[in-house]
Amino acid sequence: MIKKISMYIVLLFLTTEITFSQDNTFSNMSASALYLNPALTGVINRDVRVGLIYRSQGSAINNSKPYTTIGAQGDLAFYYNKDKSDFLGFGVNGYRHEEGIAGLKQTNINLSVSYTKGLSSTLSDFLSVGLQGGLSQRAIDYTGLTWDSQWNGQVFQSNVGGEYYDTRNIDFYDFAGGVLFNKKISSIIKFNLGAAVNHALSPKISLNSTPKSLDGKSDVLHRKYTIHGTGEIYTSRNATTLLVPSFIYQWQQTQKNVMLGLYLKFIKGSDSKFTDYIKQSSVSFGLAYRWRDAIIPRVKIDYKEFSFYLAYEATVSKLSTANKSFGSYEFAIVWNLKTEISNNNKPRVFKFIQ
């Protein structure tokens with residue numbers, strides 16, 4: 001029983017640290033583009049993009065509810081010249097994070113805007129700048145927890161009062177900004193490179209009327225810095241097989257997230273990079289590694305205007321003792337739409353990596 005109590009304490013500490021001081025992470029960068037970097041808003045190969053994503057981090061002990069994230073995003077590109085060298089992007093995204101043991105919840109709703117400028121006459125280079133702002137709410141329910149004062153030496157007595165907390169919801173505004181550079185090096189190689197800053201104003205997030213942490217400092221959501229990149233490398237000029245490497249590096253106060261990934265993409269039939277990018281059907285198999293944390297097998301299926309993502313994170317760090325090596329699984333679907341306005345314009349020569 002003492003061991004079980006200790007596990008509860010450790011898990012609560014870890015969950016609270018992740019939920020209140022740090023952001024959660026996703027395994028599929030392109031499926032959560034607006035969450036990653038607001039400069040990705042509207043940087044799409046059609047006019048409208050709509051996506052849904054679900055992530056579960058599995059229960060660790062006693063069949064407790066898993067830590068889950070449900071998210072949705074939608075963005076569009078507005079072109080005002082026929083060669084589509086310059087355009088605006090507008091988007092909205094929302095996420096809800098929930099952890100069952102302490103009833104920790106967070107809901108975010110954000111609006112994004114971006115501007116993309118073509119840097120060359122051949123449309124082989126693009127620079128995007130994006131801004132994002134929104135409202136977040138945090139809440140907690142302590143009724144699901146047990147405390148030392150409820151332990152009579154043999155069992156927990158739920159009718160005995162636990163610890164007192166000044167419980168309340170808190171709303172706060174949050175802002176982010178980012179830049180993105182897309183470049184086509186040759187007929188078989190292109191890449192993008194981006195950087196973003198989230199929680200730019202470090203909003204206060206305490207759920208207690210005395211917003212202080214144990215060290216006496218204000219309890220705030222620390223700024224998160226992100227550097228990320230993705231590439232496409234065709235095996236030959238008319239190839240239907242290509243490599244899609246990616247990386248992400250994030251740091252938020254003392255916490256760091258480093259992830260390296262590689263997809264092997266197979267384009268169906270005779271389609272190649274010279275056909276309509278969106279009408280291609282393809283399947284991608286990949287593997288990613290989150291540094292000192294998890295190995296992540298990933299699958300992506302593109303069918304016409306739809307993209308389906310599936311990933312599983314197998315924990316390889318010391319946390320595998322607490323979660324019994326049961327990591328996280330993630331599913332996402334993205335739908336790219338084309339409008340009549342776009343049909344009347346000259347197609348863009350450059351195809352962004354999606």
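## Terms and model

Two strands pair if DSSP finds at least two bridges between them. Strands (E, at least two residues) and helices (H or I, at least four) are DSSP runs, numbered from the N terminus.

This is a predicted model, in which local features need pLDDT of at least 70 and side-chain atom pairs count only at pLDDT 80 or more, while totals for chains, interfaces and linings use all residues. Residues are numbered from 1 along each chain as its sequence is written, and side-chain values use heavy atoms, with hydrogens and water left out.

## Confidence

pLDDT is the predictor's confidence in each residue, from 0 to 100. Its mean over the protein is 80. Of the residues, 72% reach 70 or more. Strand 7 (residues 189-198) has the highest confidence, at 97. Helix 1 (residues 2-21) has the lowest, at a mean of 37.

Residues 1-21 stay under 50 in pLDDT. The model gives them 34 contacts (heavy atoms within 4.5 Å) beyond four places in sequence. Residues 271-275 are also below 50. That stretch has 15 contacts beyond near neighbours in sequence.

## Strand pairs and hairpins

Strand 2 (residues 68-79) and strand 3 (residues 86-99) are antiparallel and share 12 bridges. T68 has E98 in strand 3 as its bridge partner. The hairpin of strand 2 and strand 3 has 6 residues between the strands. In this hairpin, K84 takes a positive phi near 60 degrees. Strand 3 also pairs with strand 4 (residues 104-118), antiparallel, over 14 bridges. Here H97 is the bridge partner of Q106 in strand 4.

Further along, strand 10 and strand 11 form an antiparallel pair with 9 bridges. K265 stands opposite S284 in strand 11. Strand 11 and strand 12 run antiparallel too, joined by 10 bridges. G286 has R298 in strand 12 as its bridge partner.

## Positive phi

Most residues other than glycine have a negative phi. Which residue has a positive phi in the hairpin of strand 11 and strand 12? R292 does, with a phi near 60 degrees. This hairpin has 3 residues between the strands. S202 is not a glycine either, yet its phi is positive, about 45 degrees. S202 sits in the loop between strand 7 and strand 8.

## Cavities

The structure holds 4 cavities of 30 Å³ or more. On a 1 Å grid over the protein atoms alone, a cavity is a set of points where a 1.4 Å probe fits but cannot get out. Grid points are joined across faces, edges and corners, and a volume is the space filled by probe spheres set on the points.

The largest cavity has a volume of about 540 Å³. It is lined by 36 residues (an atom within 4 Å of a point). S30, K300, Y309, I353 and Q354 are the closest to its centre. Among the elements that give two or more residues to the lining are helix 2 (33-36), strand 11 (281-290) and strand 12 (294-303). The lining divides into 14 nonpolar, 14 polar and 8 charged residues. Ala, Val, Leu, Ile, Met, Phe, Trp, Tyr, Cys and Pro count as nonpolar, Asp, Glu, Lys and Arg as charged, and the others, Gly among them, as polar.

## Aromatic pairs

The whole structure has 13 aromatic pairs. Rings of Phe, Tyr and Trp (its six-membered ring) pair if their centres lie within 6.5 Å; planes under 30 degrees apart count as stacked, over 60 as edge-to-face and the rest as tilted. Why is the pair of Y54 and Y329 tilted? Their planes stand at 45 degrees, so the pair is tilted, with ring centres 6.3 Å apart. Y54 lies in strand 1 (residues 48-56) and Y329 in strand 14 (residues 328-337), so the pair ties together parts that are 275 residues apart in sequence.

Definitions and conventions
On a 1 Å grid over the protein atoms alone, a cavity is a set of points where a 1.4 Å probe fits but cannot get out, and a pocket is an open set with protein on both sides within 12 Å along at least five of seven lines; lining residues have an atom within 4 Å of a point.
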